[in-house]
Amino acid sequence: MRVMLRYSLLLSATAFLFTPLFTSALITPVASCPPDSRKATADDAVVKNGQVQLGTCYNPNDPNLGQSVEEAKGYLLSIARGLPGTKAPPDQSHINNLNSTFAVCAANFLKAFSKTYGPVTLSSAFRCGPNSPASITCNRGENAAAGGASSSNHQLGLAIDVSPASGDFQRIWNFAKANPQFGVCFPYLGSDRPHMALAGTNTGEASKCAAQGITRICSGAPNFDIKSVPPGFGTVGTSDETGPGYTSTLPSGQCIVSTAPVMVTPCAGSPSVPRTLPPP
């Protein structure tokens, strides 16, 4: 009887000593995340919208996943290069004033495009104007000084200008048409080559996106507030940039290079000499 009691006590002590260690090994993952990935936290948008479980390894730059607005605008700022003499440089304040829904969709699209086809430069973002949200403190004459149209969607933070380093605008237009899940388009194509807009909204440019087969906002982005679009912007679909001082649309055959200072060089097959754009 005493032998059995001692044996039972020994087993209990053994279980007491080793159970916490064993349990801890089950709870704490031992494997680290692969390169370019990290563990998802409670603050990540992909966790909040249910795309990724808390603590799971994921790539924050995966264009197929949602991302936070801060991450999206940080990426857009990283590829921004203001053109010489611009009246509305795409600096941090102008990037921050982009519509949050559009920023997430645009960042997802540009990451996916550049991963396959090479670098892209952002040369214009938010431009303050009479139709800009009242909550934004800015120079209301900025859009006009930059040569923007009075109905420019840049005033609402719903447009950016982007140029592929290759100079192949047809490729980036086609990529947008072939990938409507990103929710952005180039509404004017050849008449305003770098101009990108958000689809699935109540703007005139969104109607042009719909005509290209792009009808919805990208998934994982914040909800879009249709009240943020002033009356008239839902029916106007004319070219966005008409002013004489506008320089974000590069001359035919010229492509922007992502360097500082910004240089404009001939696109592939162009015999002209590299040069910089003159100020407006």
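Colleague: How do strand 4 and strand 6 pair, and over how many bridges?

Modeller: Two strands pair if DSSP finds at least two bridges between them. Strands are DSSP runs of E, at least two residues, and helices are runs of H or I, at least four, both numbered from the N terminus. Here strand 4 and strand 6 (residues 195–198) pair in the antiparallel sense over 3 bridges. Asp 161 has His 195 as its bridge partner in strand 6. This is a predicted model: local features need pLDDT of at least 70, side-chain atom pairs count only at pLDDT 80 or more, and totals for chains, interfaces and linings use all residues. Residues are numbered from 1 along each chain as its sequence is written, and side-chain values use heavy atoms, leaving out hydrogens and water.

Colleague: How does strand 3 pair with strand 4?

Modeller: Strand 3 (residues 120–124) pairs with strand 4 in the antiparallel sense, over 4 bridges. Ser 124 has Asp 161 as its bridge partner in strand 4.

Colleague: Why is strand 4 described as largely enclosed?

Modeller: Buried means under 20% relative accessible area, exposed over 50%, partly exposed in between (1.4 Å probe, protein chains only). In strand 4 (residues 159–164), 6 of the 6 residues are buried, so the rest of the structure largely encloses it. Both faces are covered, with Ala 159, Asp 161 and Ser 163 on one side and Ile 160, Val 162 and Pro 164 on the other.

Colleague: Is Gln 212 buried or exposed?

Modeller: Gln 212 is buried, at 18% relative accessible area. Gln 212 sits in the loop between helix 8 (204–211) and strand 7 (254–257). A polar atom of its side chain lies 3.0 Å from the backbone oxygen of Phe 186.

Note on methods
A polar contact is a pair of N or O atoms within 3.5 Å; within protein, one must be able to donate a hydrogen and the other to accept it, and residues adjacent in sequence count only if both atoms are side-chain atoms.
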